[in-house]
Amino acid sequence: MAKKQRAKSALEKINPERGLVIKNLGSAYLVRLDDSGELVSCRAKGSFRILGMRTTNPVAVGDHVEISLRDADTQYITSILPRKNYIIRRASNLSKESHILASNLDQALLVVSIVNPATPTTFIDRFLATAEAYNIPASLVINKADLWDEDDAALAEAIALLYRQLGYPVIIVSAIDGRGIDQLRDLTRDKISLMAGNSGVGKSSLINVLAPDAQLRTGEISNQHHTGMHTTTFSEMVDLPYGGELIDVPGVKGFGVIDFAPEEVSHFFPEIFKTGLDCKYSDCKHVGEPGCAVIPAVEESRIAQSRYASYLSILEETLEAAGSDKYRSSSRT
């Protein structure tokens with residue numbers, strides 16, 4: 001019996017099939033084989049639980065993988081090919097684990113809304129900072145323009161202006177009346193794009209407009225809290241009829257950063273990093289040190305108060321994490 005198992009294992013290593021992970025099924029993954037285009041349900045090999053990072057999903061949509069047949073009904077992912085990149089978030093506010101949103105991306109699109117629900121600027125900034133940290137170009141898509149009154153439209157334009165001035169592309173769209181959809185098609189054409197956002201911002205509706213054959217399930221907005229109902233249960237890659245793919249991920253209520261060192265946080269806010277080069281001390285954290293160039297820039301509105309507040313929230317989070325890690329390390333010695 002042992003001899004047969006060794007022979008079978010040897011054959012798997014000689015003749016693995018390669019494919020692309022296109023959907024997370026919870027306990028399994030849907031893989032599209034490179035050679036035949038066949039869709040195969042696969043389980044992850046147990047050894048992927050130790051990949052050097054504590055992650056809730058060692059295999060991600062967008063991964064190129066090798067798979068081998070273990071029995072008549074089950075395929076197993078035996079290896080993950082080297083990733084071009086990936087983007088992660090903290091799995092939960094209390095967790096030390098990460099959650100990989102997607103891998104091998106050309107860009108990341110953050111879908112936000114002004115009303116029903118309103119996306120906090122802190123959420124936007126945390127997403128953009130994470131994209132900066134993983135060197136993934138990011139754009140902002142402001143959805144639900146058909147719902148706005150004059151004040152909402154003015155707020156949307158102010159948000160768009162802020163992030164455009166920082167160098168981020170911003171598109172104002174509506175999945176209902178078609179506003180900005182042509183721009184969104186141009187932005188996503190022939191690219192692998194992550195589409196993320198907090199719950200209820202209309203990601204699935206936008207994808208259904210861009211790729212009508214996808215027919216993703218959409219949900220209503222909670223009247224009580226004006227928040228979206230979760231409609232995307234697992235991450236999924238959708239082929240775009242005009243070329244390219246969108247990776248749709250479940251909506252999240254918060255975006256926790258992970259593995260940021262306190263001294264690195266300012267690097268992920270381009271305007272704070274640039275202004276910080278003029279600080280008196282190279283290790284200035286911009287929280288009241290003498291000779292800080294950032295705080296006067298905030299006071300003079302050369303750096304947005306909202307961006308500085310987001311920076312401080314992430315800095316505080318990383319300092320707390322660094323302190324707890326130091327405590328755990330010292331308690332073991």
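# Contacts, core and cysteines

User: Which residues is Leu194 in contact with, leaving aside its neighbours within four places in sequence?

Analyst: Leu194 is in contact (heavy atoms within 4.5 Å) with Ile87, Leu101, Ala102, Leu105, Gln107, Ala108, Leu109, Phe127, Ile247 and Val249. Please keep in mind that this is a predicted model, in which local features need pLDDT of at least 70 and side-chain atom pairs count only at pLDDT 80 or more, while totals for chains, interfaces and linings use all residues. Residues are numbered from 1 along each chain as its sequence is written, and side-chain values use heavy atoms, with hydrogens and water left out.

User: OK, and which residues have the most contacts inside the largest nonpolar core?

Analyst: Leu194 is one of them, together with Ile77, Ile142 and Tyr163, in a core of 54 residues. Such a core is a set of buried Ala, Val, Leu, Ile, Met, Phe, Trp, Tyr and Cys residues joined through side-chain atoms within 4.5 Å. Helix α2, which covers residues 121-133, gives the most to this core, with five residues.

User: How many helices and strands does the protein have?

Analyst: There are eight helices and 13 strands, taken as DSSP runs numbered from the N terminus (helices H or I, at least four residues; strands E, at least two).

User: Changing topic, where is Thr188, and is it buried or exposed?

Analyst: Thr188 lies in helix α4, residues 181-188, and it counts as buried because its relative accessibility is 0%. Buried means under 20% relative accessible area, exposed over 50%, and partly exposed in between, with a 1.4 Å probe and protein chains only.

User: What is Thr188 in contact with, apart from neighbours within four places in sequence?

Analyst: Its partners are Gln107, Leu109, Ser193, Leu240, Tyr242, Gly243, Gly244 and Leu246. For the protein as a whole, taking contacts between residues at least 6 apart in sequence, 65% join residues at least 24 apart.

User: How many of the 333 residues are buried, as a percentage?

Analyst: Buried residues make up 49% of them.

User: And how many disulfides turn up?

Analyst: A search of the whole structure finds zero disulfides, a disulfide being a pair of cysteine sulfur atoms within 2.5 Å. Cys279 is in none, and the nearest cysteine sulfur to it belongs to Cys284, 3.9 Å away. Cys292 is likewise in no disulfide, with the sulfur of Cys284 the nearest at 3.8 Å.

User: Are Cys279 and Cys292 buried or exposed?

Analyst: Cys279 is buried, because its relative accessible area is 10%, and Cys292 also counts as buried, at 10% relative accessibility.
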